[in-house]
Amino acid sequence: MKWLSASLATIALVALAVVTSSEAEGILLSGFFADDNGSTFEGDIDAIANEGITRGCNPPTNDRYCPDDSVTRGQMAAFLRRALGLPDVSADFFTDDNGSTFEADINAIAATGITRGCNPPANDRYCPNDLIDRGQMAAFLRRAKELPAVDSDHFLDDNTSTFEGDINAIAADDITRGCNPPANDRYCPNDNVTRGQMAAFIRRALELPSFMLTIPVGDHGSMSCTKNGQRCSLTVDVSAGRSYRIQGGLFQANPASPSEQSQFNSSDTSFTVSLDGSGLSLNEIPRQSGGGVTNRYWRRDITFSPGTHTLVAAWRWNGTRIQTNTLTIRAGS
């Protein structure tokens, strides 16, 4: 038979390749922040958080990112300075940022020529509290990466913009892909930049992979499995009120026989999860094929209340249960 036994794909519960190994891979959190779950930019946000480029939007707790908030010029200076690892400088470039939380960041990016001020030709002011638009963002990023001019014209709506050359330069470098997917023939240079968009700009500029935080199961101890690896269990400690992603998959080897494909497509070939004895609804992710396999994935984000919980995941192939993982969750406040 050309199918592989079910396993947790990138997991959640407990990633376990039951055919060849009983070694757990990890528990997958849905990210660094509580308010970006489901955001288009969650992977970008987690990527820059993992690099220390963002610390959150609600200090000192910093468990939120505020992905839909607009970015000020002061905040943008902090993002760019951390992204580039720029040092402190002694020079004070502008007259209007004294006392700003971001004064050191502003001076650092000014020293490298990334910013030239907000009131040309004098340029003795930075306007730290003004919101930054997408055209200005393009100029900052182009200078930060020292990108050359390009001949290609990527968008229809920036022909009269002061920043058209900057926009085309960052488009050629794949830092921006446009503002109207899937066509993406517009850039929207006058729109304000959101914090989510800022995360995407910076992640692409630094060529960081989209990121999802993983806590290795090994940090909690080894899984206990039956001899044939079909039933495994583990106790883990997590934080109550934090969002965790449960994700599982079934893998279909190609080419499959018609009967195997029928089994793979059946509703009874599935990944199911229950919490404290009650079934949880799951979202099936669109199927993906590559490397000789077609994958079926399901996922669900869960927040655990304080206390001890039992999370059970099961995989079925055409009605036959292939594997069951039981996770005892101790959620502390």
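Predicted model: local features only at pLDDT ≥ 70, side-chain atom pairs only at ≥ 80, totals over all residues.

Biologist: Which elements give two or more residues to the lining of the largest cavity?
Modeller: The largest cavity holds about 60 Å³ of space. Its lining consists of Leu80, Ala83, Leu84, Leu141, Ala144, Lys145, Ile202, Ala205 and Leu206. The elements giving two or more residues are helix H2 (73–84), helix H4 (134–145) and helix H6 (195–206).

Biologist: Which element gives the most to the lining of the largest pocket?
Modeller: This pocket has a volume of about 400 Å³. Of its 17 lining residues, Gly56, Gln75, Arg82, Phe102 and Arg195 are the closest to the centre. The lining divides into five nonpolar, six polar and six charged residues. The element that gives the most, with five residues, is H2.

Biologist: Is Gln197 buried, partly exposed or exposed?
Modeller: Gln197 lies in helix H6. Buried would need under 20% relative accessible area, and exposed over 50%. Gln197 has 21% relative accessibility, so it counts as partly exposed.

Biologist: What does the side chain of Gln197 reach at 3.0 Å?
Modeller: Leaving out residues up to four places away in sequence, Gln197 touches Phe41, Arg134 and Asn192. Gln197 and Arg134 are 63 residues apart in sequence, with their C-alpha atoms 9.4 Å apart. At 3.0 Å, the Gln197 side chain reaches the backbone nitrogen of Thr194.

Biologist: Which strands stand at the edges of the open sheet of six strands?
Modeller: The strand order is E4-E5-E12-E11-E7-E8, with mixed pairing. Each edge strand has a single partner strand, so one side of each is left without a neighbour in the sheet. Those strands are E4 (224–225) and E8 (278–279).

Biologist: Which residue in E12 is the bridge partner of Ala313?
Modeller: Strands of a sheet pair through backbone hydrogen bonds, either parallel or antiparallel. Strand E11 (residues 307–317) and strand E12 (residues 320–332) run antiparallel and are joined by eleven bridges. In E12, the partner of Ala313 is Asn325.

How values were computed:
Residues numbered from 1 in each chain as written. Heavy atoms only, no water. 1 Å grid on protein atoms, 1.4 Å probe; cavity = no way out; pocket = protein on both sides within 12 Å on 5 of 7 lines; lining within 4 Å. Points joined across faces, edges and corners; volume = space filled by probe spheres on them. Helix = DSSP H or I, 4+ residues; strand = E, 2+ residues; numbered from the N terminus. Buried < 20%, exposed > 50% of the residue type's maximum accessible area, 1.4 Å probe, protein only. Contact = heavy atoms within 4.5 Å. Polar contact = N/O pair within 3.5 Å; in protein donor to acceptor, adjacent residues only side chain to side chain. Pairing = 2+ DSSP bridges. Nonpolar A, V, L, I, M, F, W, Y, C, P; charged D, E, K, R; others polar.
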